[in-house]
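Biologist: Could we go through the charged side-chain pairs in this model together? I would like to begin with an overall count.

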Amino acid sequence: MMALSFNLRGAMAHFRKVFTNSTSLSYYFPPRTTLMGIIAATMGMERDSYYSFMDKFDFAVSPITGLRKVMFGETYLDTDEVSEKSLRRLKQGVPTGREFVLPSGDDFLGYRVVISPSNNLMKENVEEMKKQIEKIKNALKSPAFPIALGASNMLGWVEELRELECQEMEEIDGEVSSVIPSEMKPELRNMRIAIEELVPRRFDEGRHTGKLSSYLVEIDGGKLKVKGKVRGISCNGENFVFL
C-alpha cells in the first residue's frame, strides 16, 4: 500500500485542547483533525468542507525533535461590549494564559507525518486513490494557503516529502516511531512519556468531535517498544500506528 511522508517544521506550535476555553492549553502533537485541516488548507479547501474527503485517509504522527511546553500570559480585548474605549485598549482587557509547544534541544520544532489511504478504499479503487495521493503531494509542494502549526500566526513548512511503499500492520512486537493509543502498554525504558487525553480524531459535518481518544507520546522524539494488536503500517522497516 502507498503512503506519503513529510516533515512538518516550525518555530513553535499551539494545538489547542478541545476542552479548554479561556485558558488555552495545547497538545504535544497535532491531532488527526489538525493534520486534516493542514492538508485541506494546502489544497485550498474551505473550512468545514473537507471532513468526508479527509476521512478516506489514515494519519500517523511522530515527534522528530524533543518537545517542551511553556505557558505565557496574554491579555485579550474585552469584546463583550465593543466600543472605541475597548478597541483603543483604554478599558482593562481579559488576562489569560496560553500554552505553546517549543523544541527541546533543536532550533525548530519537527513532526513526521505519514498519510495513507484507508486500506478498504484502496482495495476498492486503487487508481482513484493514487490520484488523490498525487493531489495531496502537489498541494504540499505548493500550498494554496500557508501551513500553520495549529494557530494561524505560527507558520510552518514541509520538508522531505516523499512517497513510500508500505505494508499494512495488524500486530506488532517491536519499536514504533509514532504516537500510540493509550491502550497500548509500551516497555518502560529510559525515556519520557506523556499522555494526552481527550484528543479529537474526526469532525462530523456540524464540526462535532464525537468520541475523544487518549494517546502516549515520547517527548524526546524516541521510539516506543510495544507488543499487541495495532492498526498501522510498516514502511522501510519503520513502524507507524494510526491516530
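Modeller: The model is a predicted one, and 13 salt bridges are present in it.

Biologist: Which residue does R98 pair with, and how far apart are the closest N and O atoms?

Modeller: R98 pairs with E74, and their closest N and O atoms are 3.7 Å apart. The two residues come from distant parts of the chain: R98 belongs to strand 6 (residues 94-104) and E74 to strand 5 (residues 66-76), 24 residues apart.

Biologist: Is R98 buried or exposed?

Modeller: R98 counts as buried, because its relative accessibility of 15% is under the 20% cut-off. E74, at 22%, counts as partly exposed.

Biologist: Turning to R112, what is its partner?

Modeller: R112 forms a salt bridge with E238, with 2.5 Å between the closest N and O atoms. R112 sits in strand 7 (residues 109-117) and E238 in strand 13 (residues 238-241), so this pair ties together parts that are 126 residues apart in sequence.

Biologist: And how accessible is each of the two, R112 and E238?

Modeller: R112 is buried, with a relative accessible area of 11%, whereas E238 is partly exposed at 21% relative accessibility.

Biologist: A change of topic: which residue does E160 bridge to?

Modeller: E160 forms a salt bridge with R162, the closest N and O atoms lying 3.7 Å apart. E160 is partly exposed at 49% relative accessibility, and R162 is partly exposed at 34%.

Note on methods
Residues numbered from 1 in each chain as written. Predicted model: local features only at pLDDT ≥ 70, side-chain atom pairs only at ≥ 80, totals over all residues. Heavy atoms only, no water. Salt bridge = Lys/Arg side-chain N within 4 Å of Asp/Glu carboxyl O. Helix = DSSP H or I, 4+ residues; strand = E, 2+ residues; numbered from the N terminus. Buried < 20%, exposed > 50% of the residue type's maximum accessible area, 1.4 Å probe, protein only.
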